[in-house]
Structures are given as structure tokens and as C-alpha cells.
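Keep the picture open while you read.

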Amino acid sequence: KIAEEEDFDVIHCHDWMTCQAGIRAKKKKHRPLVVHVHATEFDRTGNTGVNQHVYEIERKGMHAADAIVAVSNYTKNKIISHYGINPDKIHVVHNAVERNEKRFSDISALKKDNKIVLFVGRITLQKGPDYFLYAAKKVLEHNKDVRFIMVGSGDMEPFIVEKAAELGIADKFLFAGFLQGDELHKAYQMADVYVLPSVSEPFGITPLESMANNTPVIISKQSGVSEVINHCLKVDFWDIEQLSGKILSVLNYKALHEELRDNASSEVRKFSWGIPAQKCIHIYNQVMERNSVKI
């Protein structure tokens, strides 16, 4: 109904939830359709138990699109291999991060006697919270004065809580729930290292947020953000031995911690939302030119 009544040049829809609306709008007004893929069904399910209904909507939307925006080359390759899309149709536009210059001095009493390892994200299969938990168990075998904070919520939270108790490390874990604004920035700043062990991460903005808060980062190689940052440690999400070893290295070696912190803080300053915005505008101009749409 909006498509019938409004005047517009391009339709830009995001992920499967809006694909069908985008397709119908395109049919109503014959305007070019851009589909922006932030995550595929293969990412959300960790490549297991794919919802066929959702997959079909994604596939239909991508084939109907005049151009596809992927948030990483990692996502572009998934689109090519799982959805049968011509690579020339897919444009990679990496995400950015909001800068935070606020610094908090009095953060938490927990910080005084302990090293802090942080996880931020949905507690779901895609984000690898179970690998974070198993790595924590190994870290604690070498250093009892480490506390692990999980920020977020999700369907795997009850499992993680129960498994932490089963492994005998529940007293070393703090489940903070969903945080935003200053509270989230405080969590980043109180941490000695941030860990993102995602099983399949199209991009992943949280590592950039951590870097902007001067906290060293360990990320999975299976994340799109690993394409654009260098001053971090990278590991396969499933390699618990290597993940726990890297966590211990950042916690134990001051020189490594400081090098990651200082270089990452400088690196993240190059990220700006203005860059992906300009790339999207360029894509709009391309599809409008091909469809003879004039502003």
C-alpha cells in the first residue's frame, strides 16, 4: 500500500523479513530492488537445521534483486554457494562502528582482584557461547583469578548456566543480561580481553566496539569482521585449546595486552559509517542507471 502511494527511486530491504515486501513493491512501481544481507539462514543455524521456509524467502528475494549488498566477503561466498547468485550482482559493504570517547574510572569492584574476560552478543548457537564456556574451563585450570562475563540473552542461556554449574565454574561466571549505552561501554572497559567465538558471523560489530573502548580482542576466523581488522588475535571457533591459550596470553603478558590495545584503538578510528553509506549510494546510482530511473 505504501509502494502504491509513495514516490521513490529505489527499494532497499534487509534480510528475509522484508524480502517479500520488497518484491511486491518492485512489482507495483517497477523500481530497482536492493537486498541487504546481514545474515543468512545458514549463519543463524550454524549450518544445521536450516528452516526451509526462511531459506526459500531469502533465495526468492536475492534472485528478484537488482543488486545484493553483503556485509562481508564471507557472506558473499555463502550467497554464491548456497543461493546460486551471480557474483557480479553482489557488492560487499563492510559495517562500521559508532565511536565512543567516554572513559569510566570507577568501573567495578570485581576488577580489583580479578582478570576479566568478556562475551557480548546473543547467547545463541551462531555466536558460539558454548565454546566460550569450554575455553573458560581451560583458562581456570591455569588461573583461578579470572572472571567471565556474558552480556546478552538468547535461547542457549539456560544451557550455558546449567553447563557452567556442571563444570564447577558457575562462581566464576556473571550473566549480565542485555546491556546498552554507558553500561555496555563500562563492560567493555572493565574487561582485559573481549572474545567473539562465533560459529558463523557475517560481520560482527562488537569487536569494533571493544577496540573503540581500548580492550584487546580475540575473534573467530569464521567472522566477516576478521577481513577488516588486523590488530587482534584470530582463532578457529572450535579450537578450544588455542582459544584458551590466546586468552591466557593476553591476560598474562602485559606487552602483548598493551600492543593489542594501543594498535587496535588506532585501527578502529579509520571506521566510519560515512564509508558504507557512500558505497550504498553508489549502488543506488548503478541500479537506477540500469533501470533508467532519474532523480
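Helix α2 (residues 15–29) lies across β1 and β2, and runs at about 155 degrees to β1. Helices (H or I, at least four residues) and strands (E, at least two) are DSSP runs, numbered from the N terminus. Angles run from 0 to 180 degrees between N-to-C directions, and axes are lines fitted to C-alpha atoms, for helices over the stretch in contact. The model is predicted: local features need pLDDT of at least 70, side-chain atom pairs count only at pLDDT 80 or more, and totals for chains, interfaces and linings use all residues. Residues are numbered from 1 along each chain as its sequence is written, and side-chain values use heavy atoms, with hydrogens and water left out.

**The four-stranded sheet**

β1 and β2 belong to an open sheet of four strands, in the order β1-β2-β3-β4, with parallel pairing. Two strands pair if DSSP finds at least two bridges between them. β1 (11–14) and β4 (90–92) are the edges; each has a single partner strand, so one side of each lacks a neighbour in the sheet. Neighbouring strands of this sheet are turned by 25 degrees against each other on average, direction ignored.

How many bridges join β1 to β2? Four bridges do, and β2 covers residues 33–37.

Now compare the helix pairs. The table gives their axes.

| Helix pair | Axes come within | Crossing angle |
|---|---|---|
| α2 and α4 (residues 52–64) | 9 Å | roughly 40 degrees |
| α6 (residues 129–142) and α7 (residues 157–166) | 10 Å | roughly 15 degrees |

Angles under 35 degrees count as roughly parallel, over 145 as roughly antiparallel, 65 to 115 as roughly perpendicular and the rest as oblique. α2 and α4 are therefore oblique to each other. α2 passes α4 in a left-handed crossing. A crossing is left-handed if the near helix is turned anticlockwise from the far one by less than a right angle, and right-handed if clockwise.

From α2, the contact uses Trp16, Cys19, Gln20, Ile23 and Lys26; from α4, it uses Val54, Ile57, Glu58, Lys60, Gly61 and Ala64. Contact means heavy atoms within 4.5 Å. Six of the α2–α4 contact residues are nonpolar, two are polar and three are charged. Ala, Val, Leu, Ile, Met, Phe, Trp, Tyr, Cys and Pro count as nonpolar, Asp, Glu, Lys and Arg as charged, and the others, Gly among them, as polar.

α6 and α7 are therefore roughly parallel to each other. Their crossing is right-handed. Pro129, Asp130, Leu133 and Tyr134 of α6 meet Phe159, Ile160, Lys163 and Ala164 of α7. This contact has six nonpolar, no polar and two charged residues.

**Salt bridges**

Side chains of opposite charge can pair when their charged atoms come close. A salt bridge is a side-chain nitrogen of Lys or Arg within 4 Å of a carboxyl oxygen of Asp or Glu. The count comes to twelve salt bridges. Lys28 forms one with Glu4, and the closest N and O atoms are 2.8 Å apart. Lys28 lies in α2 and Glu4 in helix α1 (residues 2–5), so the pair ties together parts 24 residues apart in sequence.

**The six-stranded sheet**

Six strands form another open sheet, in the order β7-β6-β5-β8-β9-β10, with parallel pairing. β7 (173–177) and β10 (233–235) are its edge strands, each pairing on one side only. The twist averages 20 degrees from one strand to the next. β8 (residues 193–196) and β9 (residues 217–220) pair in the parallel sense over three bridges. Leu196 stands opposite Ile219 in β9.
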